Amino acid sequence: MERLNYEVLKKSGYEGYILEKAPEKVLQFGEGNFLRAFVDYWFDLANERAGWNGKCCLVQPIAPGLAKMINEQEGLYTLYLRGSQNGQKVDDKRVISSVSRCLNPYEEEGFNEMMKVAVSDDLEIIVSNTTEAGIVYDPACALSDKPASSFPGKLTQVLYARYQANKPGIIMLACELIDNNGKELLKCVNQYVDQWNLGEGFKKYVNEDCTFCGSLVDRIVPGRIRDAAEVAALEEKHGYADPLLDVGEVFGLWVIEGDASLTDKLPFHKAGLDANVFVAPDMTPYKKRKVRILNGAHTGFVLGAYLAGQDIVRKCMEDQVILGYMNKMLLEEIVPILPLDQEDCKNFAAAVQDRFNNPFVNHELMSISLNSTAKWRARNMPSFLEYVEANGKLPTCLTMSFAAYIAFFSNDIQELNENGLVCRRTAGNTYVCSDDRWALEFYWNHRNDSVEELVHAVMTNEQMWGQDLTEVPGFEAATVANLTKIRTEGAYAAYASCL
């Protein structure tokens with residue numbers, strides 16, 4: 001089977017949108033599955049719907065990477081967006097043609113090409129997703145390195161070359177999953193400007209002519225298909241082989257932090273993508289929405305659902321008790337206290353149900369259970385406390401989720417070993433709780449406590465919660481009652497009692 005490229009694609013009979021030639025308007029640091037299923041997809045739609053006529057030149061952020069493979073396919077790859085939308089199964093194929101090539105800056109030719117793009121009249125935007133570890137200042141980097149080892153160092157090299165060539169400033173879109181990603185990246189670049197003595201003129205260029213935007217990205221990207229039989233069937237169907245084939249969920253959201261003028265400078269508004277990609281003066285509320293609704297839903301229901309005998313998220317969405325419990329928690333306890341448009345939050349919550357119901361993804365509850373102590377504190381506790389403050393009473397489902405958290409870490413404890421805390425659920429199998437070691441040791445040390453003793457010890461552990469939760473009126477008594485119900489009647493009955 002021939003590998004995908006423009007000539008092979010034409011022979012395959014593909015009838016979708018394709019743009020073969022266009023100027024390189026984007027320099028993208030990162031060539032992995034996420035950026036190709038997310039950022040390059042939106043630019044591809046901008047080409048089709050708004051006539052943006054731009055290509056993304058990718059750069060490997062680390063030495064081993066996909067440059068050779070991407071270039072062999074002339075930047076083309078197949079993207080499947082799969083999932084559930086409004087309760088309907090979706091399996092959409094699109095060949096992405098927004099990528100021109102990929103550079104390996106750790107080779108001399110790749111570095112030189114990167115610097116040519118840096119000074120190009122066509123360049124408008126730089127995008128990055130170099131993992132959470134990517135936005136780091138490394139003082140060992142030098143301007144003369146080819147390239148600087150850190151991403152902020154490479155970016156400083158690119159911007160300095162552009163400044164020296166008297167080219168306009170760029171728009172920087174940081175997609176790394178850290179708080180204040182744009183501001184942190186700019187901070188690192190400024191440190192290199194000072195360290196490398198690049199002058200006040202360049203510092204002014206970086207801070208005033210260039211626009212560093214933080215952004216919030218949201219799309220689950222499983223990436224490549226690993227089942228050999230499915231790969232073979234798709235190759236037969238496509239009429240070509242594509243080792244770069246990528247898979248993402250249907251849902252996608254990109255909130256770019258900046259002022260209103262950015263809306264016209266970026267191509268997404270003109271392409272009619274406002275529901276998915278938009279500029280906001282502050283992305284904090286949207287991050288809060290994601291953490292409280294999407295992540296909060298996960299942490300709020302999975303631990304009890306696992307004790308009730310479930311193993312994957314999708315099956316939970318097919319159970320009316322667990323689904324009803326999750327929706328009541330979201331729509332009655334979490335959404336009403338969020339400082340955002342309520343209709344928008346309800347739509348986001350509805351999309352969460354679709355995302356959890358993805359027929360193509362077997363998302364295991366045990367994988368979501370990792371580090372649940374910190375997760376409940378970050379994702380659910382703020383909603384719980386704000387609900388209590390706003391309503392003067394306990395939220396039924398969030399209160400139950402706390403008891404389910406305790407039950408998960410204390411259910412018939414077997415042993416504490418190097419892998420974690422081994423417990424046993426009602427179905428009879430053992431499972432391993434993975435969390436901070438001190439949290440696991442806490443539950444091990446309290447394994448013989450009564451329900452009342454355990455609840456009190458957990459709620460007064462300020463290392464866990466940053467405060468004494470017994471001070472919340474009625475919370476301790478409710479948790480004792482809920483944990484007792486879980487242990488005597490089962491987690492399923494406990495969830496049902498909330499409806």
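1. A residue counts as buried when its relative accessible area is under 20%, and because cysteine 210 has 5% relative accessibility, it falls into that class. The model discussed here is a predicted one, and the points below should be read with that in mind.

2. On the cysteines, a search of the whole structure finds 0 disulfides. Cysteine 210 takes part in no disulfide, and the nearest cysteine sulfur, belonging to cysteine 213, lies 11 Å away. Cysteine 56 is likewise in no disulfide, with the sulfur of cysteine 57 as the nearest cysteine sulfur at 9.1 Å; cysteine 56 is also buried, its relative accessible area being 0%.

3. The largest nonpolar core comprises 80 residues, and those with the most contacts inside it are Ile293, Phe301, Phe402, Tyr405, Tyr443 and Val458. Helix α17, which spans residues 396-410, supplies the largest share of this core, namely 11 residues.

4. Leaving aside residues up to four places away in sequence, Phe301 touches Val313, Cys316, Met317, Ile322, Tyr325, Met326, Met329, Phe356 and Tyr495.

5. An open sheet is formed by 3 strands in the order β9-β11-β12, with mixed pairing. From one strand to the next the twist averages 15 degrees.

6. Within this sheet, strand β11 (residues 253-257) pairs with β12 in the parallel sense over 4 bridges, and valine 255 stands opposite phenylalanine 278 in β12. Helix α11 (residues 284-307) lies across β9, β11 and β12, and runs at about 30 degrees to β9.

7. Helix α3 (residues 39-50) has 12 residues and reaches 16 Å from its first C-alpha to its last, which is close to the 16 Å expected at 1.5 Å a residue. Of the 12 residues of α3, 9 are buried, so the helix is largely enclosed by the rest of the structure. The buried residues of α3 are Val39, Asp40, Tyr41, Trp42, Phe43, Asp44, Leu45, Ala46 and Asn47. Just after α3, glycine 51 adopts a positive phi of about 60 degrees.

Terms used:
Residues are numbered from 1 along each chain as its sequence is written. This is a predicted model: local features need pLDDT of at least 70, side-chain atom pairs count only at pLDDT 80 or more; totals for chains, interfaces and linings use all residues. Side-chain values use heavy atoms; hydrogens and water are left out. A nonpolar core is a set of buried Ala, Val, Leu, Ile, Met, Phe, Trp, Tyr and Cys residues joined through side-chain atoms within 4.5 Å. Buried means under 20% relative accessible area, exposed over 50%, partly exposed in between (1.4 Å probe, protein chains only). Helices (H or I, at least four residues) and strands (E, at least two) are DSSP runs, numbered from the N terminus. Contact means heavy atoms within 4.5 Å. Two strands pair if DSSP finds at least two bridges between them. Axes are lines fitted to C-alpha atoms, for helices over the stretch in contact, and angles run from 0 to 180 degrees between N-to-C directions. A disulfide is a pair of cysteine sulfur atoms within 2.5 Å. The expected span of a helix is 1.5 Å times one less than its number of residues.
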